[in-house]
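Here is a short briefing to read alongside the model. Take a look at the sequence and the structure, and then we can walk through the ligand surroundings, the core and the strands.

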Amino acid sequence: MSTGRFITLEGIEGAGKSTAARFVAEHLRGLGHTVLATREPGGTPLAERIRALVLERGPEPVTPVTETLLMFAARALHVTNVIAPALVRGEWVVCDRFTDATRAYQGSGRGVDPALIESLAHAVHGALNPHLTLLLDLPVTEGLRRARERSGVASDRFEAEAVSFFEKVRAGYRGIADAEPARVRTIDALRPLPEVQAQVLAALRPLTRGAA
Ligand SMILES: Nc1ncnc2c1ncn2[C@@H]1O[C@H](COP(=O)(O)OP(=O)(O)OP(=O)(O)O)[C@@H](O)[C@H]1O
Ligand SMILES: [Mg+2]
């Protein structure tokens, strides 16, 4: 049995992660792989409940550290109960956001100590890191425009953030891509969809070649 591969999609709101994730899953299925498509925060029944907690806009302030702990609490469930077992079964896992989102949003965006994030990442998923991460990169204003065109007014606690917050998140993501060029492929997400898909296919090719 061939071993599974773990592919994640990252980027700011409206960058096209979910659109690209569906495309990746369909492409891999077309190659004959069994694909588990999932997302974060969430991906298990309990983790989806944590997602609802962390995204809801309520009166009580949520500190950046609380947000970070909730993200990793959800991730611990997701990794243990869904992602790791699927990879052991030889499936390919396509995940819409993973730990890079915590690094970018809670770390770069909200100023949470990167050492805390890396310590939690180590505790929660140790050596399990994505084989490939597709970073959908585009200007913040275009991402927010697409997200709001799709879902109307800002709907969750993150979408309600200011442009300056997402500029920090975007810079955080680009820093990760610069630091880990072998794992993270940056996709120019401003391009029309067929061109984005062509970039995605090119990024997948090293992984799909020879992994029948
Ligand atoms: N390359 C593209 N060009 C133009 N529009 C696009 C492109 N890719 C996706 N879109 C559109 O932009 C909107 C946002 O895309 P999508 O939902 O995939 O983004 P996302 O990164 O998953 O957003 P979120 O962070 O809010 O989940 C959708 O309406 C989608 O159809
Ligand atoms: Mg999405």
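Which helices each supply at least two residues of the shell around ligand 1? They are α1 (17–30), α6 (140–151) and α8 (193–208); helices (H or I, at least four residues) and strands (E, at least two) are DSSP runs numbered from the N terminus. This is a predicted model, in which local features need pLDDT of at least 70 and side-chain atom pairs count only at pLDDT 80 or more, while totals for chains, interfaces and linings use all residues. Residues are numbered from 1 along each chain as its sequence is written, and chains are lettered from A and ligands numbered from 1 in the order in which they are written.

**Around ligand 1**
- The shell holds 15 residues, of which Gly16, Lys17, Ser18, Thr19 and Arg146 come nearest; a residue counts as near if its C-beta atom, placed from the backbone, lies within 6 Å of the molecule.
- Sorted by class, there are six nonpolar, five polar and four charged residues in this shell. Ala, Val, Leu, Ile, Met, Phe, Trp, Tyr, Cys and Pro count as nonpolar, Asp, Glu, Lys and Arg as charged, and the others, Gly among them, as polar.

- Glycine 32, which follows α1, has a positive phi near 100°.
- α6 has twelve residues and reaches 16 Å from its first C-alpha to its last, close to the 16 Å expected; glycine 152 follows α6, with a positive phi near 80°.

**The nonpolar core**
- The largest nonpolar core has 45 residues, and Ala20, Val24, Val94, Leu134 and Leu136 have the most contacts inside it. Helix α3 (residues 64–88) gives the most to this core, with six residues.
- Such a core is a set of buried Ala, Val, Leu, Ile, Met, Phe, Trp, Tyr and Cys residues joined through C-beta atoms within 7 Å.
- Leaving aside residues up to four places away in sequence, leucine 136 touches Leu9, Gly11, Ala15, Gly16, Lys17, Ala20, Ile187 and Ala189; contact means C-beta atoms, placed from the backbone, within 7 Å.

**The strands**
- On β1, Phe6, Thr8 and Glu10 on one side and Ile7 and Leu9 on the other are all buried.
- β3 likewise has both faces covered, with Trp92, Val94 and Asp96 buried on one side and Val93 and Cys95 on the other.
- Four bridges join β1 to β3 in parallel, with leucine 9 opposite aspartate 96; strands pair if DSSP finds at least two bridges between them.
- β1 also runs parallel to β4, over four bridges, and there glutamate 10 has leucine 135 as its bridge partner.
- β2 and β3 pair in the parallel sense over five bridges, among them one between leucine 36 and valine 93.

Definitions and conventions. Buried ≥ 20, exposed ≤ 12 C-beta atoms within 10 Å, placed from the backbone. Contact = placed C-beta atoms within 7 Å. Expected span 1.5 Å × (residues − 1).
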